[in-house]
Amino acid sequence: MVRWLFIGLGSLLVGVGVLGIFLPLLPSTVFFLMAAACYGKSSPSAYHWLTTNRWFGSHLRDYKEERGATVGAKVMSIGSLWLGIGVTEVLIDNTWLRLTLLAVALGVSAHLVLLKTIRR
């Protein structure tokens with residue numbers, strides 16, 4: 001029963017992570033990392049699929065094994081983050097929400113910049 005709970009939760013987290021690829025304020029990596037943890041406890045084949053996936057498997061392995069990200073991954077993440085925040089800032093008319101989004105963008109950007117850079 002617990003095994004199936006972890007598999008279900010891992011699958012849900014993969015779904016949210018995929019959404020995070022397309023939605024700028026929803027981080028994808030953290031959901032893929034949590035999914036990997038769930039799959040690691042319940043399904044070796046699902047864990048293997050996730051960590052060898054051609055779209056995000058290398059990013060998960062880099063983050064897990066080397067505690068970092070490539071320059072390209074950092075640039076892409078920060079660029080898409082600020083593009084999404086910029087579009088949202090233009091579309092909303094709420095000062096507190098704008099300030100909150102700005103604070104989130106600054107925090108995530110700082111985290112990405114400070115993350116170890118993997119050179120290949």
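View 1. Helices (H or I, at least four residues) and strands (E, at least two) are DSSP runs numbered from the N terminus. This is a predicted model, in which local features need pLDDT of at least 70 and side-chain atom pairs count only at pLDDT 80 or more, while totals for chains, interfaces and linings use all residues. Residues are numbered from 1 along each chain as its sequence is written, and side-chain values use heavy atoms, leaving out hydrogens and water. Of the 120 residues, 32% are buried (under 20% relative accessible area with a 1.4 Å probe, protein chains only).

**View 2. Helix 5 against helix 6.** These two helices pack at an angle of about 175°, their axes 10 Å apart, which makes helix 5 roughly antiparallel to helix 6 (an angle over 145 degrees). Axes are lines fitted to C-alpha atoms over the stretch in contact, and angles run from 0 to 180 degrees between N-to-C directions. Helix 5 brings residues including Ser77, Leu81 and Trp82 to the contact, and helix 6 brings, among them, Leu102, Ala105 and Leu112. Here contact means heavy atoms within 4.5 Å. By class, the contact has 12 nonpolar, three polar and three charged residues. Nonpolar covers Ala, Val, Leu, Ile, Met, Phe, Trp, Tyr, Cys and Pro, charged covers Asp, Glu, Lys and Arg, and the others, Gly among them, are polar.

**View 3. The largest pocket.** Its volume is about 1,100 Å³, and 36 residues line it, with Pro27, Ser28, Thr29, Ser77 and Leu112 nearest its centre. A pocket is an open set of points on a 1 Å grid over the protein atoms alone where a 1.4 Å probe fits, with protein on both sides within 12 Å along at least five of seven lines; lining residues have an atom within 4 Å of a point. Points are joined across faces, edges and corners, and a volume is the space filled by probe spheres set on them. Helix 5 gives the largest share of the lining, eight residues. The lining divides into 24 nonpolar, 10 polar and two charged residues.

**View 4. The second largest pocket.** Look here for a volume of about 190 Å³, with a lining that includes Leu33, Tyr47, Arg61 and Glu65. Helix 2, helix 3 (44–52) and helix 4 each give two or more residues, and helix 4 gives the most, five. Six nonpolar, one polar and four charged residues make up this lining.

Note on methods
Parallel < 35°, antiparallel > 145°, perpendicular 65-115°, else oblique. Buried < 20%, exposed > 50% of the residue type's maximum accessible area, 1.4 Å probe, protein only.
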